[in-house]
Amino acid sequence: MKFIVAFAALIALALAAPVDDKDAQVVKYDSNVAADGYSFQYDTSNGIQHQETAELKTFGEDVSALVVKGSYSYTAADGQTYTVNYVADENGFQPEAAHLPKA
């Protein structure tokens, strides 16, 4: 009986072990591309998540550009999950996260 419990605990520990980054696989992927923008989302087996949307925006009569909004998160070596939210528009790339310094 003790062997079965120890074996079950060992299996549970192996299944709970983090996936090495070089062995990570995409476990979810969605994408939509249109003439006026795009969106995508993916999750990997090592806990990385990324989602992004873009819309075509007109600035004046002759200038158009994509305005991009998104976020990504990952678990660092210290075990903490870090999330970055960002916007990229006419004002440049603007990331926001608790772990990033504020201007």
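Colleague: Which residue stands opposite Val 87 in β5?

Modeller: Lys 69 does. Keep in mind that this is a predicted model: local features need pLDDT of at least 70, side-chain atom pairs count only at pLDDT 80 or more, and totals for chains, interfaces and linings use all residues. Residues are numbered from 1 along each chain as its sequence is written, and side-chain values use heavy atoms, with hydrogens and water left out.

Colleague: How many bridges link β4 and β5?

Modeller: 8, in the antiparallel sense. Strands are DSSP runs of E, at least two residues, numbered from the N terminus. Two of them pair if DSSP finds at least two bridges between them.

Colleague: What order do the strands take in the sheet?

Modeller: β1-β2-β3-β4-β5-β6, an open sheet with antiparallel pairing. β1 (26–34) and β6 (92–96) stand at the edges with a single partner strand each, so one side of each has no neighbour in the sheet.

Colleague: Switching to rings. How many aromatic pairs are there?

Modeller: 6. Rings of Phe, Tyr and Trp (its six-membered ring) pair if their centres lie within 6.5 Å; planes under 30 degrees apart are stacked, over 60 edge-to-face, the rest tilted. Tyr 72 and Tyr 86 are a tilted pair, 6.3 Å centre to centre with 45 degrees between the planes. Tyr 72 lies in β4 (63–75) and Tyr 86 in β5 (81–89), so this pair ties together parts 14 residues apart in sequence.

Colleague: Is Tyr 86 buried or exposed?

Modeller: Buried, at 7% relative accessibility. The cut-offs are under 20% for buried, over 50% for exposed, and partly exposed in between (1.4 Å probe, protein chains only). Tyr 72 is partly exposed at 32%.

Terms used. Helix = DSSP H or I, 4+ residues; strand = E, 2+ residues; numbered from the N terminus.
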